[in-house]
Amino acid sequence: MLKGLLFDLDGVLTDSAKYHLQAWNQLATDLNITLPPEANQQLRGRSRLDSLNLVLSYGHQENRYTSAQKAAFAKTKNQMYLHLIEAMTPADILPGISDLLAAAKAAHLTMVIASASRNAPVILTRLGLAEQFDGIVDPATLHRGKPDPEIYERAQALAKLNTTEVAAFEDAAVGVSAIKAAGQFAVGIGDPAVLYQADYIVPSTAALKLEDIQRAYTTWLE
Ligand code: B16
Ligand code: MG
């Protein structure tokens, strides 16, 4: 029986992924790096440092800088990102999400955030969603980023549920890989060609309906 929902944040609850990309683009330009079109998908869900290393690799600069220089670049990117998200309000909650959360609450499902973003608490507050969740995994305490299953295993532990009692939501290929490596039911939001590992895929959050998810989950369990 479905007892809990585990949520990625960026790209699932709100479109902050576009602000991440904008800030990485700005940093890349400063470093004379041009991000390829696939960066939009490849940067999704990755930790701040993994993302920076990917950005540097697009410019063949991954071995050019010290750890201290990389930390400074990551800090600069985060300051740009924080500036971009300053104007976020509850109007930035993606379509279909508020109804899904309300339906899940009515069904007494436990809800936990499994976001790689260290800014997740700030964003949840800006969206007015901070009180909606039963727990948030602290990404600062993780050893490995998505696609490693650690973050989804921790979210499941916070929900105090078994692997087969949860459904997890992701917009990133690395995130879906993490969910599947954790053995959980994966709901992918986006392009099926990218999120092919997911057990149930919708084109956008507007198409998320709790009863459809429950039906797909029941089929998956059998
Ligand atoms: P921060 P998610 C991820 O959040 C983003 O998708 C990814 O683009 C970002 O680099 C990562 O968080 C770290 O975020 O720099 O704010 O700590 O999709 O796992 O909710
Ligand atoms: Mg995401």
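Modeller: H3 and H4 are roughly perpendicular to each other, where angles of 65 to 115 degrees count as roughly perpendicular and helices are DSSP runs of H or I with at least four residues, numbered from the N terminus. This is a predicted model, in which local features need pLDDT of at least 70, side-chain atom pairs count only at pLDDT 80 or more, and totals for chains, interfaces and linings use all residues. Residues are numbered from 1 along each chain as its sequence is written, while chains are lettered from A and ligands numbered from 1 in the order in which they are written.

Biologist: At what angle do the axes of H3 and H4 cross?

Modeller: They cross at roughly 105 degrees and come within 10 Å, with axes being lines fitted to C-alpha atoms, for helices over the stretch in contact, and angles running from 0 to 180 degrees between N-to-C directions.

Biologist: And which residues make the contact?

Modeller: H3 gives Arg-48, Leu-49 and Leu-52, and H4 gives Lys-70, Phe-73, Ala-74 and Asn-78, contact meaning C-beta atoms, placed from the backbone, within 7 Å.

Biologist: Switching to the sheet, what is the strand order?

Modeller: The order is S3-S2-S1-S4-S5-S6, in an open sheet of six strands with parallel pairing; strands are DSSP runs of E with at least two residues, and two strands pair if DSSP finds at least two bridges between them.

Biologist: Which strands stand at the edges?

Modeller: S3 (135–136) and S6 (200–202) do, each with a single partner strand, so one side of each is left without a neighbour in the sheet.

Biologist: How many bridges join S1 to S2?

Modeller: Four bridges join these parallel strands, and Leu-5 stands opposite Met-111 in S2.

Key:
Parallel < 35°, antiparallel > 145°, perpendicular 65-115°, else oblique. Contact = placed C-beta atoms within 7 Å.
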